[in-house]
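Please read it alongside the sequence and the coordinates.

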Amino acid sequence: MENLPSCAAILGSSTLLIANVALAQSITPAPDGTNTHITHNGNTDALQGGTQAGANLFHRFEQFSLNAEEVGQFLSNPSIANILGRVVGLIL
């Protein structure tokens, strides 16, 4: 019983983990050549780039998660009719 961590040590570790998760980026582009770029500015994530095929623009993300206070803004040119996104990793 002497080698067991105290309740305070366990709680402290959990608190640290939660703090680290809260600081993580909400949207992460996939490193697969689709050329998606994210610019973080306060509570807004501007999504640019992507891969264009005709009037379609494709984005891939490792993770994509926004809370009620965050904005994800897809930026493109007027010739784009459809923006399609695929999450290939972690969905929070």
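## Strands 4 and 5

Strand 4 and strand 5 make up a hairpin in which two residues lie between the strands, and Gly 54 in the turn has a positive phi of about 65 degrees. The model is a predicted one, and the values given here are computed from it. Strand 4, which covers residues 51–53, pairs with strand 5 in the antiparallel sense over three bridges; within this pairing, Gln 52 has Leu 57 of strand 5 as its bridge partner.

## Other partners of strand 5

Strand 5 also pairs with strand 1, and these two run antiparallel and are joined by three bridges. Here Ile 27 stands opposite Phe 64, a residue of strand 5.

With strand 7 (residues 82–87), strand 5 runs parallel, and six bridges join the two. His 59 finds its bridge partner in strand 7, namely Gly 85.

## Strand 3 and its partners

Strand 3 (residues 44–49) pairs with strand 2 in the antiparallel sense, over six bridges, and one of the residue pairs involved is Thr 39 with Ala 46, the latter lying in strand 3. These two strands form a hairpin that has two residues between them, where Gly 42 takes a positive phi near 65 degrees.

Strand 3 pairs as well with strand 6 (residues 71–74), in this case in the parallel sense and over four bridges. Thr 44 stands opposite Val 71 of strand 6.

## The salt bridge

Side chains that carry opposite charge can pair when their charged atoms come close. Which residue forms a salt bridge with Asp 32? The partner is Arg 60, and the closest N and O atoms of the two are 3.2 Å apart, which counts as a salt bridge because the cut-off is 4 Å between a side-chain nitrogen of Lys or Arg and a carboxyl oxygen of Asp or Glu. The pair links distant parts of the chain, since Arg 60 belongs to strand 5 (residues 56–64) while Asp 32 is in the loop between strand 1 (27–29) and strand 2 (36–41), with 28 residues separating them. The count of salt bridges under this rule comes to one.

Conventions
Residues numbered from 1 in each chain as written. Predicted model: local features only at pLDDT ≥ 70, side-chain atom pairs only at ≥ 80, totals over all residues. Heavy atoms only, no water. Pairing = 2+ DSSP bridges.
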